[in-house]
Amino acid sequence: MKATWEKLENNQGVLTIEVEEARVDQAIDQAFAKVVKKVNVPGFRKGKVPRKIFEARFGVESLYQDALDIILPEAYTEAVQETGIEPVDRPEVDVEQIGKGQPLVFKATVTVKPEVKLGDYKGLTVEEKDFTVTDEAVEEELKQMQNRSAELVVLEDGAAIEKGDYAIIDFKGFVDGEAFEGGEAENYQLEIGSGTFIPGFEDQIIGLKKGDEKDIEVTFPEDYHAAELAGKPAVFKVKVNEIKRKNLPELDDEFAKDVSEFDTLDELKADIKNKLEEKAKTDAENYKKESLIEKATENAEINLPEVMVENEVNHMVNDFAQRLQYQGMNLDLYYQFTGLDEEKLREQFQPDAEKRVRTTLVLEAIGKAENVEVTDEDVNNELEELSKQYNRPVEELRKIFEGRDNLESLKNDIRIRKTIDLLVENSK
């Protein structure tokens, strides 16, 4: 087999592939063996029609498409490997010649990974950022633990709603005097001050008491997800059924015993500080890595193929759909609740998808430029970490990766991480 690659513009090129006659004839033979089982010829049982009679009746050309189905995928894969190109989309195939006793000649128009023109990626500087853990941060974490341990207590009649309270309300919304879909609920628990409702709604609840009814006037934001309501004034008829308030526990040694393994509040605070400092250390490392990756990417020049971005958007949409399923929801319900559709969701993912693809391509290019290698030891260490994480034997995990042809993907992930470490090591 012969294969030649001709580079065109916009990350496209043409593979011209010639497959030898013997291999073509073999594929035609395989096609006949497949087709003869299905044809009906008077005087012969299915599968028993002689080749000469078949070709006389139907023509050898009737076997060409099945022969192409057999030979094209294999020949294309071999040509890709031989020429060393990296396709990012399915090829457009044009068969120029096929015939019994003749070589097969076809051309495949292919979109490939773009060339990356690297800019500066060594000696990059990172802007200073303070990750010091303050006493205020420790106190804030302690307050959050206190809030999580709080008990909601129903207030007596006559108590007025304050910020931070939970109001159990019935409401019904109207625009231009007409009730609108999704604007009605009974016994809805609303945390006052949470900002979950339309701006201005929660503020007008403050001061109301159990049994009070009130018409609350608000205006939907201009960028509200439901276009038919965006920017419009609305009236919500609200009735307060119940008021709940958080009963916060005292921050003392007893609290520490209830929420942790420590006997004193001071010990709990010390543990909180240690954990925050560990997190701050990780955050500082990630900040440095992300800053360096961003700068190296900005310094590079790439003409991104649209198909690569679209493929990444597809991946992000599928991943988002899976996360929704874990929450007991699906995309159709999400579209109904948010007023979005598939096109708008894809538009939202587009910038991040483009950034991800660009970043990956730059890191791959730096890895190649710096000859970043992944050793057997690197792979073994990675499998050992995964073994601890998933509590499965290393060799079992190795077979899984090899069986699904994912070992190369694992190596690529390791190579990317080693490349990022190289950026950090060479930064100022």
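Into which domains is the chain divided?

## Domain organisation

In this predicted model, the chain is divided into domain 1 (2-112), domain 2 (151-247) and domain 3 (265-426). The bounds derive from an automatic or database domain assignment. Taken over C-alpha atoms, the centres of domain 1 and domain 2 are separated by 68 Å.

## The annotated span 164-246

An unreviewed UniProt entry lists residues 164-246 as "domain: PPIase FKBP-type". In the model, this span is 54% strand and 0% helix. The C-alpha atoms at the ends of residues 164-246 lie 8 Å apart.

## Aromatic pairs

Across the whole structure, a search finds 16 aromatic pairs. One of them joins Phe171 and Phe236, with 6.1 Å from centre to centre and 65 degrees between the planes. This geometry is edge-to-face, the class for planes over 60 degrees apart.

Phe171 belongs to strand S6 (residues 166-175), and Phe236 to strand S9 (residues 233-247). The two residues are 65 residues apart, and their pair thus links distant parts of the chain.

## Packing of helices H6 and H12

Helix H6 (residues 265-298) and helix H12 (residues 407-425) have axes that come within 10 Å and cross at roughly 90 degrees. H6 is therefore roughly perpendicular to H12.

On the H6 side, the contact is made by Lys288, Lys289, Leu292 and Ile293. H12 contributes Ile420, Asp421, Leu423 and Val424. By class, the residues of the contact of H6 with H12 comprise five nonpolar, three charged and no polar.

Notes:
Residues are numbered from 1 along each chain as its sequence is written. This is a predicted model: local features need pLDDT of at least 70, side-chain atom pairs count only at pLDDT 80 or more; totals for chains, interfaces and linings use all residues. Side-chain values use heavy atoms; hydrogens and water are left out. Axes are lines fitted to C-alpha atoms, for helices over the stretch in contact, and angles run from 0 to 180 degrees between N-to-C directions. Helices (H or I, at least four residues) and strands (E, at least two) are DSSP runs, numbered from the N terminus. Angles under 35 degrees count as roughly parallel, over 145 as roughly antiparallel, 65 to 115 as roughly perpendicular and the rest as oblique. Contact means heavy atoms within 4.5 Å. Ala, Val, Leu, Ile, Met, Phe, Trp, Tyr, Cys and Pro count as nonpolar, Asp, Glu, Lys and Arg as charged, and the others, Gly among them, as polar. UniProt positions are given in the numbering used here, feature names are shortened, and annotations may be inferred rather than shown by experiment. Rings of Phe, Tyr and Trp (its six-membered ring) pair if their centres lie within 6.5 Å; planes under 30 degrees apart count as stacked, over 60 as edge-to-face and the rest as tilted.
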